[in-house]
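Take a moment to look over the chain below. Then follow the text from the whole fold down to single residues.

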Amino acid sequence: LLEAVSPIKGQALDNALQQLMETELIYGRGTPPKASYIFKHALVQDTAYVSLLRGRRQRIHADIAQVLKERSPKEEYPPAIIAHHFAEAGLAEQAAPYWLAAAELALAQSAPVEAEHQASAGLALIPRVTEGPERDALELGLLVARANAVIPLKSISAPETFAALADAKQLLDRGVGTDLQRVSILYGLCSASTLTAR
């Protein structure tokens, strides 16, 4: 992966990594090509990261995301990692569907905190996604994922849950969504309204 996104290839890359390990800026684990590398300290990593110009950082993130996406069918890369790199590259169109996949995976693994964070990250990108049916379907999926994540965290009657479901209903009213999504959203709204009725 490192060689795929690095401008340095082959032996030159191995030599550069060896120099970084000798100066103890990074530590290596394993043997190439399955080796992994980490910075000695988070401050070293942060300093190296901020020293890159914004455009260069975005290009690196885009390259990483593209390589992970291409290798994803053969090797399992978490969709949250791919989404993060696309988002950091400023590529909202590519990042948002991966945030949805990450949120749905987190929900399937009973991780509502992560699912809520990932769905919210995807929703934040929606204004930068090209308008159309695909964007509407993506937004609806993210809203449903966010509502399903907030329910176990706060309850079905929480204002955050109701807001996500109400926004999702607006999309339903425009003809977006599947029958399953429609039933889920309407049931959620009905339950939330019943529980908050006085």
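This is a predicted model: local features need pLDDT of at least 70, side-chain atom pairs count only at pLDDT 80 or more; totals for chains, interfaces and linings use all residues.

Residues are numbered from 1 along each chain as its sequence is written, and side-chain values use heavy atoms, with hydrogens and water left out.

Begin with the elements. The protein chain has 10 helices and two strands. Both kinds are DSSP runs, numbered from the N terminus: helices are H or I with at least four residues, strands are E with at least two. From the N terminus, the order is α-α-β-β-α-α-α-α-α-α-α-α. The protein chain is more spread out than a compact globule, because its radius of gyration is 21 Å, well over the 16 Å that the globule rule gives for 198 residues. That radius is taken over C-alpha atoms, and the rule is 2.2 Å times the number of residues to the power 0.38. Along the principal axes, the C-alpha trace spans about 70 × 30 × 30 Å.

Now consider the surface. The accessible surface of the protein chain is about 12100 Å², and carbon and sulfur atoms hold 57% of it. Such areas come from the Shrake-Rupley method with a 1.4 Å probe; for residues, only the protein chains shown count as cover. Of the 198 residues, 34% count as buried. Buried means under 20% relative accessible area, exposed means over 50%, and partly exposed lies in between (1.4 Å probe, protein chains only).

What sits inside? The largest nonpolar core has 38 residues. A nonpolar core is a set of buried Ala, Val, Leu, Ile, Met, Phe, Trp, Tyr and Cys residues joined through side-chain atoms within 4.5 Å. Trp99, Leu125, Leu138, Leu140, Leu142 and Ile185 touch the most other members. The helices α4 (54-71), α5 (79-88), α6 (92-108), α7 (112-125), α8 (133-154), α9 (159-173) and α10 (179-196) each supply at least two residues of this core. Take Leu125 as an example. Not counting residues up to four places away in sequence, Leu125 touches Ala87, Ala92, Ala95, Ala96 and Trp99. Contact means heavy atoms within 4.5 Å.

Next, look at Arg146 in helix α8. Is Arg146 buried or exposed? Arg146 counts as buried, because its relative accessibility is 19%. Leaving aside neighbours within four places in sequence, Arg146 is in contact with Glu116, Ala119, Ser120, Leu123, Glu160 and Ala164.

Move on to helix α10, where Ser191 is found. Ser191 counts as buried too, at 16% relative accessibility. The C-alpha atoms of Ser191 and Phe162 are separated by 9.7 Å, and the two residues are 29 residues apart along the chain.

Ala48 lies in helix α3 (residues 42-51). Ala48 is partly exposed, with a relative accessible area of 31%. Its C-alpha atom and that of Ser120 are separated by 28 Å.

Finish with two loop residues. Most residues other than glycine have a negative phi. Glu24 has a positive phi of about 60 degrees although it is not a glycine. Glu24 sits in the loop between α2 (10-22) and β1 (26-29), and counts as partly exposed at 41% relative accessibility. Ser110, also not a glycine, has a positive phi of about 55 degrees. Ser110 lies in the loop between α6 and α7. With 65% relative accessibility, Ser110 counts as exposed.
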